[in-house]
Amino acid sequence: MSAYSYFPGCSLRGTGAAYEESLLALFHVLGLSLTELEDWNCCGATSYMSIDEGSAFLLSARNLALAHKAKCRDVVAPCSACYLVLRKTQDYAVRYPAIGAHVGKSLAAANLPALDGVRVRHPLEVLYNDVGADRIHQLVKRPWRGGPVACYYGCQIVRPYHEVDRDCNPTRMDELLNAAGVPTVEYALKTKCCGGSLTGTMHEIGVRLNYVLLKEAVRKRAQAIVTVCPLCQYNLDACQAEIRRGTGERYDLPILYFTQALGWVLGADPEALGFSRSISGQKSIRQWFSTATEEAKAYV
Amino acid sequence: MKPKVAFYWCASCGGCEECILDLAEDLLPVLDAVEIVFWPVALDFKEHDIQPVDICFLNGAVRTSEQKRMAELLRANAKVLVAFGACAQLGGIPGLANLSTARDILETAEEATGSDGDHGLPLPELFDTVLPIDRVVDVDYYVPGCPPTPKIIGQALTALLKTEVPSRHSVLAPEQALCEECPRRATRPETLALDRFRRVADTIIDENMCILAQGIPCLGPATRAGCEGRCIAGNMPCTGCFGPAPRVRDFGAKALSAMASILAPTGDDEITDALRDLPDPAGTFYRYSLPASFLTRKATP
Amino acid sequence: MFDPDDIRVGVYVCHCGTNIAATVDVRELAAYGAGLPHVAVSREYKYVCSDPGQDLIRQDIRDHGLNRIVVASCSPHLHEHTFRTATAMGGLNAFYFHMVNIREQISWVNEDKVSGTAKAKDLLRAGVRRVAMHRPLERGSIPIHPDVLIVGGGIAGIHAALTLANAGKHVYLVEREPSIGGHMARFDKTFPTLDCAACILTPKMSSVKNHPNITLWTYSDVSALEGYVGSYKVTVTRRPRYIDESLCVGCLECIDACVYKQAKVPDEFNYGLGKRRPVYVPFPQAVPLVPVIDPETCIQFKSGKCKKTCIEACGDRHAIDLRQEAKQEIIEVGSIIVSTGFQAYDARRNPYYGYGVYPNVYTALEVERLVNASGPTAGEVVLRDGRKPQTVGIVHCVGSRDENSNRWCSRVCCMYSLKLAHLIKEHTGAEVYNFYIDMRTPGKGFEEFYQKLLNERVHFIRGRVAEIADWGLDATEEGKLVIRVEDTLAGKVRRIPVDMVVLSTGLEPQADANDIRRLFNISCSSEGFFLERHPKLAPVSTFTDGVFLAGCCQGPKDIPDTVAQAGAAAAEVLALIDAGHVETEPNTAYVLDEFCSGCKTCVGLCPYHAITFQEERRKSEINQALCKGCGTCVAACPSAAIGQHLFEDSEIFEEVEGILTYA
Amino acid sequence: MPEPFEPKIVAFFCNWCTYLGADLAGTSRLKYAPNARVVRVMCSGRVDPQFVLDAFAKGADGVLLGGCHPGDCHYQEGNYKALRRFKLLQQFLGQMGIEPERIRLEWISAAEADRVRTVINEMVETLKRLGPRKAPVETQFAEAS
């Protein structure tokens, strides 16, 4: 099985720690080697990209160049924002000679190699293409004890690039989870906005957007939302208390990473999957993901 | 008085001279009919012995400055100049030297002989490009073949000694291709669709069947008749020594076209595969005619 | 007075107005032409194809004893014929002419005049060298078989068939569905007049059935075609309908008698909105009115254990034959009209519109059936759950004018959307919203119809719909389909809750258009519709002589245009038949016996079996009638013993020489 | 200073697909490099390898053959014959020191005007990179003698 270079980015070392834990655990049970990119730096996403594009490109170009220097073809970026900005840099450096020159010059100055030959990958697409739904199905170790989930893809991994999945109506997360025995619901908002950083800047709007997502998920009888992006996960997870207060509607949904769901089903150590870090839906999480009951069952 | 005749060879193996002797007893009437005044291969003649002749049979291609000079000299002294044999007509086997350069050839030779290239005596210059006679001097008639067969020679002589001679520049051999007189003609299927080409070396050739039909590139369809299919009789494919049919301008191109046309595969890779055992198109289709072809020689910087 | 062996070429450089003159220095070119070997006269003229232009050529042939003509102008595909005729009028053999294409090949594709003129000189030089080699040729002529094949029994095929049949020609009309009628048979009303489609179509359908000059084969496909203009040999495969057309009287008792008391099978004609039995007619006015038995669903075919009540019902008519097999019909025709129509865009390809996900998202064709009195709901516009819709949204340009699906405008959607808006309002009184990019109503009475709709208080929102989904933000949206769209006139994003969505899907080529195209040896435009010979001057002809196009297989069009085009195709066919024969291009290959060694290389190469080997003469021989002039045998002949008129080796060698040698 | 090298391409286009494609390029006013000179033949199957070699011998820098797509040949299978001859010919040209890029066989339909432009432009670029063909034989002989 090929070796992947791992680009955590800031989120997976902060709010998205559960993502990192579950990702590593999942890749471990799948026997995929994931080596952290040495001396990686900020991907250059969001604020940089909107304030000083040039520097943003340089930041992510450096990461790609490091990967190339380390002779690894595939850089796995779990955070959607990281994924997009790395992918975009790679694309723009080719498509726009000016940017290409700018990047090339700086890399040369830091005597780093060019960007070519490096592929930016998202774990969802790695699991879908390199492992495949069939293999996942064969590897199932535990039954899914939770209810149906809504797969929420967010915006950045499907637009404007389509390597991860189709831009409208992506289905690969659904396919993988179904193959693993996790039921999913038809969720029309799967690529709608989670508010992104608005929850920080224009709070009410951010919260409202999350309210829409939760409301629809519940209406579709989903008992959890599964995400691929630390920011989506955080927004949906953290907003619920406030939404409960604001609307009086009782939202308490687990907001999981797809790596957590798959990790559980494929038999990874639950402790290593970071469930304890969730804010909302703790009750369901305890019910669904406790091995105690599982062992108990083993006796009867 | 008898017409005076000269024989001379340029770049050739000597086979063309041999085949004059191969006329055996048929040679005698020839000797009665003509007076041979210049024939360095048979008797001791020097350049200064060259005298005006009625017919000069010149075999071999031109690849050295000396051969060029002799060709010019003989042309000047001959009423009728006959390019005799494949080398004279098309460049022949020596013509394959056009796939390399004089320098390559000399270096290889010196390597092989351990010579330093200094021969201590003035040698004629070796040209990069081997040429058929008619690219050096004007030629009146051609007698094809490697070598020409007794029958062809006999016919040529009688034709030339007649009072009304054949039209100038003509090739003194039949107008059609070899299939016309091929002993296996009848076994040639009307439709050929070869899955691939095969090599003589690793094929057992059926003695009674059209050789092309067995997948061996036989150039009979492209080659002028006149040899009575001697190679075929020896169970070997025709390699084209009698040269192109009258209307053909580039022997190899036409042969190549015909051979490619009777392949069956349509896919890119299948075709490549079908051609696997035809690794040397130049040597296969231009064995005797590279210097007389459109491209004449390999392009060299 | 002039020596015929002395070659005297006349060169004519055309300005084509400014089309050529703008990017090729025509004066310089003509002057250059004058200097070329053999050229006796070299002129430039504004429009050489015009009458005075042609007169010029004729006059010069007489005055200057020209015996070769070269015209440097447009593509030979456009005017070669014109100039050959002019050459002939001048008293020369028409094939002492050669055309040099300096418009499509140079002036229209080249930027600067210098390189353009240089290129033109090369091509002219090549043309002059080539024409010197030309030899006089005689055109052959092929008789035209008077019978006609029409493929596709939609309104186009029907109209063409009737036109030809009324002119006394025999027509074979082949339709793959069980009934003719095509898409039009499914429509309720037609825009902009709102006259009932059935009322105008069904009479035409039945006269097809009853016309003595029309042989109608439905449920059939053209499976093979050979031959050429004038005499095509066509193989038609007639699929078994398990009911003998000659014995069936169309009483339909077999259908009522079927052991299936309830119709269970989703019926194709109504796009699955209705149900049918295993034995069925697609619709009441079907032509021929002969049921079909569908072996996929018929119990007898599946289990062999059916009471066969249908056969009982049929009684002594004995029309039902469950052992019927596919039958091949082989016919001879002289010309062919291809009218195989279109298929509607598959709305599933735009997942964000929710077709196939939300039951109340319909395609326009489905709604055509809903509003149709003879449709599955007997003209009731109701949702799948039986409710009458209060609000309906009609989304234009689904699968049209879209980089991600089809780029072209389907031409009819704006108008049929208006029509459906009107009909839905009429049937339900619902609020109807049209979501459009541009309203395109360029047709007789179209714009007026649009105005009428505006006055009927139908809402028009300019903007491409972003998404249709069933999630609501508030009570007003609960249980509705919400259409999200940017209203580009109001300049804001709107959410419009509706009960029913109608997707105005575009028109695209039939799924098997490529097979049809290959069968009839015609080309496709890049979007896959069949390619006409010339967009303006030969809109119904193809590059294959004797094959013509009608209807939407050539491109999206409405009923009036389709019928007009069908008429045009019929007229072309009539012209062909009444001429009685066509002249053929004398570009056939021929064997030069004295050089043929009988090697047989050519024999197997000919796709038309035009080459035969004459055992007694031991030579190949090419049948001039069968030869199509591809020249592949010419290239293959190892002794160059095969020539090709108009494309002789010598002519092509001269052309190449001319291109590459600077005279 | 010497003029920039402008390669000369001899193009043999089949009457029914590629030639029409070129016509369409014209009517669509697509601009492309002026280096190609088109010889019209009825079918790519008519192209005799002699024509190609003659063109090279007479100083063409490249030869382009255009035919209908496989399965679309107006004459059913002429293009397959062209493909077989082309592959063998290309192999021979290699032996004669002529780079494979100098001869190109392309399937271009009557609708693919843009393909005509792309192919010709590409080929011109390639040939400019390769530079002019090596000196034709006559001069070599002149030097030699």
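Trainee: In this predicted model, what distance separates the centres of domain 1 of chain C and domain 3 of chain C?

Mentor: The domain assignment of chain C places domain 1 at 9-139 and domain 3 at 253-317. Taken over C-alpha atoms, the separation of their centres is 67 Å.

Trainee: How far apart are the C-alpha centres of domain 1 and domain 2 of chain B?

Mentor: In chain B, the assignment gives domain 1 as 4-161 and domain 2 as 178-292. Between the two domains, 20 residues of domain 1 are in contact with 16 residues of domain 2. Their C-alpha centres lie apart by 28 Å.

Trainee: Which element gives the most to the side of domain 1 of chain B that touches domain 2 of chain B?

Mentor: Helix H4 (86-90), strand E6 (126-131) and helix H6 (150-161) of chain B each give two or more residues to that side of domain 1. By class, this side has 12 nonpolar, 7 polar and 1 charged residues. With 3 residues, the element that gives the most is H4(B).

Trainee: Which element gives the most to the side of chain D that touches chain C?

Mentor: Here 42 residues of chain D are in contact with 42 residues of chain C. On the chain D side, two or more residues come from each of helix H1 (18-27), strand E2 (36-41), helix H2 (49-57) and helix H3 (78-95). The residues of that side divide into 20 nonpolar, 9 polar and 13 charged. The most, 6 residues, comes from H1(D).

Trainee: Are H17(C) and H2(D) roughly parallel or roughly antiparallel?

Mentor: The axes of helix H17 (residues 649-660) of chain C and H2(D) come within 10 Å and cross at roughly 20°. Angles under 35 degrees count as roughly parallel. The crossing angle therefore makes H17(C) and H2(D) roughly parallel.

Trainee: Is the crossing of H17(C) and H2(D) left-handed or right-handed, and which residues of H2(D) make the contact?

Mentor: The crossing is right-handed. H17(C) contributes Ile652(C), Phe653(C), Val656(C) and Leu660(C) to the contact. Its residues, from both helices, divide into 6 nonpolar, no polar and 1 charged. On the H2(D) side, the contact is made by Phe51(D), Asp54(D) and Ala55(D).

Trainee: Where in chain D does pLDDT stay under 50?

Mentor: Chain D averages a pLDDT of 90, and 91% of the residues score at least 70. For the stretch under 50, the model has 12 contacts beyond four places in sequence. That stretch is residues 139-145.

Technical notes. Residues numbered from 1 in each chain as written. Chains lettered and ligands numbered in written order. Predicted model: local features only at pLDDT ≥ 70, side-chain atom pairs only at ≥ 80, totals over all residues. pLDDT = per-residue confidence, 0-100. Contact = placed C-beta atoms within 7 Å. Domains from an automatic or database assignment. Helix = DSSP H or I, 4+ residues; strand = E, 2+ residues; numbered from the N terminus. Nonpolar A, V, L, I, M, F, W, Y, C, P; charged D, E, K, R; others polar. Axes fitted to C-alpha atoms, helices over the stretch in contact; angles between N-to-C directions. Parallel < 35°, antiparallel > 145°, perpendicular 65-115°, else oblique. Left-handed = near helix turned anticlockwise from the far one by under 90°.
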